[in-house]
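Please look over the sequence and the structure shown below before reading on. The report that follows takes up a helix, then a sheet, and then the division into domains.

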Amino acid sequence: MEKSKQAMILRNPQALSSKYIPRRLPHRDAQLRQLSIFFPGVEKSSAFFKSVQLIGSVGTGKTSTALLFAKNLEKGFETARIIYVNLKMLGDPSPWTVYTSILGQVSGRASRSLSAGEVFEKILDEFVKKKTTSFLFIVDEADELTSSRSLRGGRVVYNLTRLPEFGVENVLGVVFIARNEEWSRGLAPEEQSTLGSLIVRFPRYTLPQLVDILLYRASEAFSDQSALPDTVAEHVAKITIDLFEGDVRKALDILLYASLIADSEHSEKVTFSHVSRALAQILGRSSLDADIVKTLKQLERVVLAATLEILKNRESSYTTEREVIENVQALCERLQLPEPRIEEIEAALQRLHDLGILRISGPLRIYAEVVPIDDVRSLILK
Ligand SMILES: Nc1ncnc2c1ncn2[C@@H]1O[C@H](COP(=O)(O)OP(=O)(O)OP(=O)(O)O)[C@@H](O)[C@H]1O
Ligand SMILES: [Mg+2]
């Protein structure tokens, strides 16, 4: 049966939101397994206190993995309780704000008039009261504790990693999430000592992994799997690696935007063109600035015009060095300019990259950082 023209691609747009925790996390099985080795359950025999760090750069699935693990632990063990604190969400990452947030979660009470030390005492009392519950702490954005914004953040590490020494028996451990392993360098020796060296690493996603993740997330969000062709998923993944260091959150943003554009046009599929327009939105690209153009040498202008001309007539978001060279040569011939050498064209491309007008991710992928305007020639070549 032919599909209705009104059919929408997005059945469940929230599934592409970066706040959504999906049921599965493709390519994070090893990290989830490591966590379940460290925290196998709540029984006394398996439950001795551990301090674990999740380390990986932006958008590598650290928070989602921790939260999915936590959710499964709570599902598997009725008495397990997760306390999640995101330090970026707190006004300032001081002991007082961290302990107040923890106390709020454990007891449902706030305590404005107490000092940090007193709030911590209250937390200890609550743990003793709730001795049949086993708690696991997740401290996200832990880098904040050693940043210049934090006053005595290291104290939080010290106190949380020494809970057993304070007589608390029903805390399984603490998971600190940070982007950079160096975050703990800012801690005092006694704080570092109990932080320990159990580290779960989150490497950046590779191109095929990003494609898998996009197809999986699309399967949750789209009404029909065929709405995201593999070639388009791969295109989004390449852009993500070239422009956003493989941050999967950006990949999902591009896909969400592109599918909203596709839906607004009643398209049955997400196309390369939808992705290009979504990318322009996300990069917040501006039009080419006439003052910058004035500073360019003649060949640089020709190379820029040639590149923007290709991109304007193209569905895809990037072009190749080879295409640019061919178009530059054609343009020079038409304008009766001397034919430039390849090295000269490459040098011009490099300068345009350094000026932030083009973005070159190797010879096969050249992006524009400016919107390819219609009268590109008159602006550039007059
Ligand atoms: N393997 C995966 N499969 C499906 N979705 C994923 C996967 N990894 C990450 N995501 C999604 O990508 C988004 C970003 O992931 P997450 O917030 O976990 O990254 P992060 O490493 O904590 O990033 P940051 O360093 O910025 O805090 C979330 O929407 C998450 O659900
Ligand atoms: Mg995170």
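Predicted model: local features only at pLDDT ≥ 70, side-chain atom pairs only at ≥ 80, totals over all residues.

| Helix | Residues |
|---|---|
| H9 | 248–264 |

Among the buried residues of H9 are Val 248, Ala 251, Leu 252, Leu 255, Ala 258 and Ala 262. Residues three or four places apart in an α-helix point the same way, because there are 3.6 residues a turn. At the start of H9, the backbone nitrogen of Arg 249 has a side-chain oxygen of Asp 247 within 2.9 Å, while just after the helix His 266 adopts a positive phi of about 55°.

The sheet is open and has five strands, paired in parallel and ordered S2-S3-S4-S1-S5. Strands S2 (80–86) and S5 (198–202) stand at its edges with a single partner strand each, so one side of each is left without a neighbour in the sheet. S2 pairs with S3 (residues 134–140) over seven bridges, and Asp 140 in S3 is the bridge partner of Asn 86. Helix H2 (residues 62–76) packs on the sheet, and its direction makes about 160° with that of S2.

The protein is divided into domain 1 (28–202), domain 2 (205–283) and domain 3 (286–381), and the C-alpha centres of domain 1 and domain 3 lie 51 Å apart.

Terms used
Residues numbered from 1 in each chain as written. Chains lettered and ligands numbered in written order. Heavy atoms only, no water. Pairing = 2+ DSSP bridges. Helix = DSSP H or I, 4+ residues; strand = E, 2+ residues; numbered from the N terminus. Contact = heavy atoms within 4.5 Å. Axes fitted to C-alpha atoms, helices over the stretch in contact; angles between N-to-C directions. Domains from an automatic or database assignment. Expected span 1.5 Å × (residues − 1). Buried < 20%, exposed > 50% of the residue type's maximum accessible area, 1.4 Å probe, protein only. Polar contact = N/O pair within 3.5 Å; in protein donor to acceptor, adjacent residues only side chain to side chain.
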